[in-house]
Amino acid sequence: MIIQNRDISGKKLNETTSRKVLIAGQELMLAEFHFAKGGVGEPHRHESHEQVGYVVKGSFEILVGNEKRIVKQGDCYHAPKNTLHGVVSLEDDSIIVDAFTPIRQDFL
């Protein structure tokens, strides 16, 4: 399967954040998140999902477990199952791509 980003509709989550599910297989999925400055991915945890993320554009303050850092384009993070994590966008037009396993049925 080959997917072209331009053909995917996004979903506005609130005034500062939107999400596109880029692709989903049986056990793995990619989602692209767009943030305006000040956009928040509220701290939360997944009991049954592992997540890794890649900063495509912009910068974020990110929390993973007890660690909080500023991440920028090209940086990555890993949130194991049941680990508190969240982000705050520090710039307009910031983008993160997250991979989840298993897939997030709630995103589909």
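The radius of gyration is taken here over C-alpha atoms, and the globule rule is 2.2 Å times the number of residues to the power 0.38.

**Figure 1. Overview of the predicted protein chain.** The model is predicted. For 108 residues, a compact globule would have a radius of gyration near 13 Å; the protein chain has 13 Å, so the two agree. Along the principal axes, the C-alpha atoms fill a box of roughly 35 × 30 × 25 Å. The protein chain has 10 strands and zero helices. Read from the N terminus, its elements run β-β-β-β-β-β-β-β-β-β. Of the 108 residues, 37% are buried. Among contacts with a separation of 6 or more, 62% join residues 24 or more positions apart.

**Figure 2. The open sheet S4-S9-S6-S7.** Four strands make up this open sheet, and their pairing is antiparallel. Strand S4 (40-44) and strand S7 (67-72) stand at the edges. Each has a single partner strand, so one side of each is left without a neighbour in the sheet. On average, neighbouring strands of the sheet are turned by 20 degrees against each other, direction ignored.

Figure 3. Strand S6 (residues 59-64) pairs with S7 in the antiparallel sense. Six bridges join the two strands. Glutamate 61 has isoleucine 70 in S7 as its bridge partner. Leucine 63 is bridged to lysine 68 in S7. Two residues lie between the strands of this hairpin. Glycine 65, in the turn, has a positive phi of about 65 degrees.

Figure 4. Leaving out residues up to four places away in sequence, leucine 63 touches Pro43, Lys68, Leu84, His85 and Gly86. One of these, Lys68, is also its bridge partner in S7. Leucine 63 and valine 88 are 25 residues apart in sequence. In space, their C-alpha atoms are 8.9 Å apart.

**Figure 5. The Phe33-Phe107 ring pair.** The count of aromatic pairs in the model comes to three. One of them joins phenylalanine 33 and phenylalanine 107 edge-to-face. Their ring centres are 6.1 Å apart, with 70 degrees between the planes. Phenylalanine 33 lies in strand S3 (residues 29-35), and phenylalanine 107 lies in the segment after strand S10 (94-101). The pair therefore ties together parts that are 74 residues apart in sequence. Phenylalanine 33 counts as buried at 10% relative accessibility. Phenylalanine 107 is buried as well, with a relative accessible area of 14%.

Figure 6. Phenylalanine 100 and phenylalanine 107 form an edge-to-face pair. The centre-to-centre distance is 5.5 Å, and the planes stand at 85 degrees. Both residues of this pair are buried. Ring pairs link Phe33, Phe100 and Phe107 into a cluster. Two arginines lie over ring faces here. Arginine 19 lies over the face of phenylalanine 107, at 3.9 Å from the ring centre. Arginine 104 lies over the face of phenylalanine 100, at 5.3 Å from the ring centre.

Figure 7. Most residues other than glycine have a negative phi, and most peptide bonds are trans. The peptide bond from threonine 101 to proline 102 is cis. Its omega is near -10 degrees. Proline 102 is found in the segment after S10.

**Figure 8. Positive phi in two loops.** Asparagine 82 is not a glycine, yet it has a positive phi of about 60 degrees. This asparagine 82 lies in the loop between strand S8 (76-79) and strand S9 (85-89). Asparagine 82 is partly exposed, with a relative accessible area of 42%. Aspartate 93, not a glycine either, has a positive phi of about 60 degrees. The loop between S9 and S10 holds aspartate 93. At 52% relative accessibility, aspartate 93 counts as exposed.

Definitions and conventions:
Residues are numbered from 1 along each chain as its sequence is written. This is a predicted model: local features need pLDDT of at least 70, side-chain atom pairs count only at pLDDT 80 or more; totals for chains, interfaces and linings use all residues. Side-chain values use heavy atoms; hydrogens and water are left out. Two strands pair if DSSP finds at least two bridges between them. Axes are lines fitted to C-alpha atoms, for helices over the stretch in contact, and angles run from 0 to 180 degrees between N-to-C directions. Rings of Phe, Tyr and Trp (its six-membered ring) pair if their centres lie within 6.5 Å; planes under 30 degrees apart count as stacked, over 60 as edge-to-face and the rest as tilted. Buried means under 20% relative accessible area, exposed over 50%, partly exposed in between (1.4 Å probe, protein chains only). A charge sits over a ring if NZ of Lys or CZ of Arg is within 6 Å of the ring centre and within 35 degrees of the ring normal. Contact means heavy atoms within 4.5 Å.
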